[in-house]
Amino acid sequence: MSRSTDSNPEAEHDNYPEIRRQMVALIQRRRRAYTFTRTRPTVIRFRDIVNPETGLPLTDASMWRAVRRFLDDGVPLESLELRKPVGEKAWVMKARLAPNEPLIYVKLQILGSNVRLRSFHKSETSQ
């Protein structure tokens, strides 16, 4: 996948370096999940996004590669307090797989020794 992300030049790209490092390490070790539960709902629609390198929908593996690439490339993270479960923290980032591709909304949560993907879908906003 191309290295192309939306970024604000004034934004701090090296934000939350420890969180970013921890997420990358968990993804590398396959300590990752995106299972829907009533207490931890997910919105995962990777098949709705076309891989610009192949012209085919993303697969589970290419979705996780994209998440890792976004983290490695320094896509800014924003902390977010979740509604389910109330008060828990997650991390949000928005990026593109390539220029002129849809903006992707990604929400991750670290739970113990796992990273849980809570959202991966086309963003509802263009920024």
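Author: A residue is buried at under 20% relative accessible area, exposed at over 50%, and partly exposed in between, with a 1.4 Å probe and protein chains only. By that rule, 41% of the 127 residues in the chain are buried. The model is predicted, so local features need pLDDT of at least 70 and side-chain atom pairs pLDDT 80 or more, while totals for chains, interfaces and linings use all residues. Numbering starts from 1 along each chain as its sequence is written, and side-chain values use heavy atoms, without hydrogens and water.

The chain has two helices and six strands (DSSP runs, numbered from the N terminus: H or I of at least four residues, E of at least two). The residue to look at is Arg-116, in strand S6, residues 114-122. Seven of the nine residues of S6 are buried.

S6 pairs (at least two DSSP bridges) with S5, residues 104-111, through eight bridges, and the two run antiparallel. Two residues lie between S5 and S6 in their hairpin, and Gly-112 in the turn has a positive phi of about 60°. S1, residues 32-33, runs parallel to S6 and is joined to S6 by two bridges; here Ala-33 has Arg-116 as its bridge partner.

Arg-116 is buried but has no salt bridge (a side-chain nitrogen of Lys or Arg within 4 Å of a carboxyl oxygen of Asp or Glu). Glu-88, the nearest side chain of opposite charge, is 8.0 Å away. A polar atom of the Arg-116 side chain does lie 2.9 Å from the backbone oxygen of Thr-35.

Terms used
Lys and Arg count as positive and Asp and Glu as negative; His and the chain ends are not counted. A polar contact is a pair of N or O atoms within 3.5 Å; within protein, one must be able to donate a hydrogen and the other to accept it, and residues adjacent in sequence count only if both atoms are side-chain atoms.
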